[in-house]
Amino acid sequence: MRFLRLEDVAEELNVKLPQVRALVKSGELKAIQIGGRGMWRVEREALEEYIQGRYAQAREDLAQGSDLD
């Protein structure tokens with residue numbers, strides 16, 4: 001499947017739907033709106049890019065001495 005519903009993204013990331021909506025609204029997670037009824041979709045590739053970016057940020061944070069808490 002190329003596109004995921006926001007509910008699918010939330011399940012994949014093991015977070016609540018409002019968190020995914022906030023990521024989309026902030027532009028941190030790329031998404032598109034299909035039709036005029038507010039049906040948002042995230043391309044699987046965009047989700048993978050987001051995840052890789054979070055891994056890179058985590059590595060940087062740890063290198064700068066951030067705690068895991």
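These legends walk you through several close-up views of a predicted model.

**View 1. Three strands form an open sheet.** Let us start with the sheet, whose 3 strands follow the order β1-β3-β2 with antiparallel pairing. At the edges sit β1 (3–5) and β2 (32–34), each of which pairs on one side only. From one strand to the next, the twist averages 45°.

**View 2. Strand β1 meets strand β3.** Here we look at β1 beside β3 (residues 39–43); the two run antiparallel and are joined by 3 bridges. Look for Leu4, which stands opposite Val42 of β3. Helix α1 lies across β1 and β3, and runs at about 90° to β1.

**View 3. Helix α1 crosses helix α2.** Now follow α1 (residues 6–13) to its meeting with α2 (residues 17–26), where the two axes come within 8 Å and cross at roughly 110°. Angles of 65 to 115 degrees count as roughly perpendicular, so α1 is roughly perpendicular to α2. On the α1 side, the contact is made by Leu6, Glu7, Val9 and Ala10. Their partners on α2 are Leu17, Val20, Arg21 and Val24. Sorted by type, the residues of this contact are 6 nonpolar, 2 charged and no polar.

View 4. The largest nonpolar core of the model contains 13 residues. Those with the most contacts inside this core are Leu6, Val9, Val20, Leu29, Val42, Leu47 and Tyr50. At least two core residues come from each of α1, α2 and α3, and α3 gives the most, with 4 residues. As a general background, nonpolar side chains in soluble globular proteins tend to be buried together.

**View 5. Leu47 and the residues it touches.** Leu47 is among the core residues with the most contacts inside the core. Which residues does Leu47 touch, not counting residues up to four places away in sequence? They are Leu4, Val9, Glu12, Leu13, Leu29 and Val42.

**View 6. Ala46 in helix α3.** Our last stop is Ala46, found in α3 (residues 44–63). Is Ala46 buried or exposed? Ala46 counts as buried because its relative accessibility is 10%, and buried means under 20%. Leaving aside neighbours within four places in sequence, Ala46 is in contact with Leu29 and Lys30. Phe3 is 43 residues apart from Ala46 along the chain, yet their C-alpha atoms are separated by 9.4 Å.

Definitions and conventions:
Residues numbered from 1 in each chain as written. Predicted model: local features only at pLDDT ≥ 70, side-chain atom pairs only at ≥ 80, totals over all residues. Heavy atoms only, no water. Axes fitted to C-alpha atoms, helices over the stretch in contact; angles between N-to-C directions. Parallel < 35°, antiparallel > 145°, perpendicular 65-115°, else oblique. Contact = heavy atoms within 4.5 Å. Nonpolar A, V, L, I, M, F, W, Y, C, P; charged D, E, K, R; others polar. Buried < 20%, exposed > 50% of the residue type's maximum accessible area, 1.4 Å probe, protein only. Core = buried A, V, L, I, M, F, W, Y, C linked by side-chain atoms within 4.5 Å. Pairing = 2+ DSSP bridges.
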